Amino acid sequence: MTGEPDRPVPGHTIAIANQKGGVGKTTTAINLAAALAAAGKRLLVLDLDPQGNASTGLGIARAERRRGSYDVLSGTAALGDVAQPTEIPGLYVVPATEDLSGAEIELASLDRRVYRLRDALVRADEPAAWDYTLIDCPPALGLLTLNALAAADRVLVPLQCEFLALEGLSQLVRTVERVKRNYNQQLHIQGILLTMYDSRNRLSALVADDVRGYFRDKVFETVIPRNVRVSEAPSHGKPLLLYDHHCSGARAYMHLAGEMLSREEAA
């Protein structure tokens with residue numbers, strides 16, 4: 001593949017992607033990272049969404065975001081220079097700054113525009129600093145998401161348990177296959193995560209059954225329930241583990257982290 005770096009990206013790099021908004025991408029990035037960190041792993045959350053909600057949800061106020069993922073993509077800063085610690089030991093975040101909103105246009109004219117993020121991860125001063133890098137992608141299949149997919153070795157797809165949730169999934173699967181074919185042979189879909197599941201709603205069960213029937217073992221056993229605490233935690237700048245670790249959402253993300261680690265051991 002022309003232009004792809006020879007060296008692999010260190011550690012596990014997971015793009016959390018779905019071009020549909022409001023499906024739980026950012027919530028998953030924040031809380032899966034916190035749960036993996038609680039399990040003793042070293043985590044980097046890379047906020048590639050111009051809305052910057054992952055940064056907010058991990059306690060990085062906008063005034064504290066002097067540099068971030070935009071500077072990494074533009075080549076003006078290294079990952080280690082812009083990664084900020086969070087309240088959870090071992091969990092760092094590269095925040096999204098306001099400049100990221102114009103990055104799609106600026107990246108289009110740069111050399112190796114698809115590999116800007118991958119190059120930065122390969123060049124990281126401390127390649128073994130993080131066991132996992134989770135990339136929170138924007139709700140679009142543009143150049144920012146393409147950079148995430150070219151840098152990642154796997155994709156985690158949050159899927160809302162609601163009507164029409166499956167509509168955009170086939171498009172995302174086709175995009176992942178194109179990226180794998182043209183830019184990143186290592187890329188694969190790690191799993192589909194059912195989110196916002198309401199056990200009182202028959203539609204949630206029907207959607208879950210349809211997804212499992214088609215994608216089978218690609219669907220995580222863990223299901224993220226619809227839970228008010230999940231919605232409240234980001235406004236307090238805390239992952240669920242710090243905001244209310246007893247709630248059903250926090251328990252679900254801890255279970256998801258355990259399932260991920262178990263799958264990796266089995267593989």
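Q: How much space lies in the largest pocket?
A: In this predicted model, the residues that line the largest pocket number 13, and Thr27, Met196, Asn227, Val230 and Ser231 are the closest to its centre. The space that lies in this largest pocket is about 230 Å³.

Q: Which element gives the largest share of the lining of the largest pocket?
A: Two or more residues of the lining come from each of strand S7 (188-197), strand S8 (219-225) and helix H10 (228-232). By class, the lining has seven nonpolar, five polar and one charged residues. The largest share, three residues, is given by H10.

Q: Is helix H7 (residues 143-151) largely enclosed by the rest of the structure, or open to the outside?
A: A residue counts as buried when its relative accessible area is under 20%. The buried residues of H7 include Leu143, Leu146, Asn147 and Ala151. Because nine of the nine residues of H7 are buried, the helix is largely enclosed by the rest of the structure.

Q: How many residues apart are Glu87 and Lys238, a pair that links distant parts of the chain?
A: Glu87 forms a salt bridge with Lys238, in which the closest N and O atoms are 3.2 Å apart. Glu87 counts as exposed, at 53% relative accessibility, whereas Lys238 is partly exposed, with a relative accessible area of 25%. Glu87 is in the loop between strand S3 (84-85) and strand S4 (91-94), while Lys238 is in the loop between H10 and helix H11 (240-243), and the two are 151 residues apart.

Q: Does Asp198 count as buried or exposed?
A: Asp198 takes part in a salt bridge with Arg200, the closest N and O atoms being 3.1 Å apart. Arg200 counts as exposed, at 77% relative accessibility. For Asp198 the relative accessibility is 15%, and since the cut-off for burial is under 20%, Asp198 counts as buried.

Q: What is the area of the nonpolar surface patch made by Phe163, Leu164, Leu203 and Leu206?
A: Leu206, one of the residues that make the patch, has its place in helix H9 (residues 202-215). With a relative accessible area of 37%, Leu206 is partly exposed. Together with Phe163, Leu164 and Leu203, Leu206 makes a nonpolar surface patch of about 370 Å².

Methods. Residues numbered from 1 in each chain as written. Predicted model: local features only at pLDDT ≥ 70, side-chain atom pairs only at ≥ 80, totals over all residues. Heavy atoms only, no water. Patch = residues over 30% accessible without salt bridge, like charges linked within 9 Å, V, L, I, M, F, W, Y side chains within 5 Å. Areas by Shrake-Rupley, 256 points an atom, 1.4 Å probe, with all protein chains shown as cover. Salt bridge = Lys/Arg side-chain N within 4 Å of Asp/Glu carboxyl O. Helix = DSSP H or I, 4+ residues; strand = E, 2+ residues; numbered from the N terminus. Buried < 20%, exposed > 50% of the residue type's maximum accessible area, 1.4 Å probe, protein only. 1 Å grid on protein atoms, 1.4 Å probe; cavity = no way out; pocket = protein on both sides within 12 Å on 5 of 7 lines; lining within 4 Å. Points joined across faces, edges and corners; volume = space filled by probe spheres on them. Nonpolar A, V, L, I, M, F, W, Y, C, P; charged D, E, K, R; others polar.
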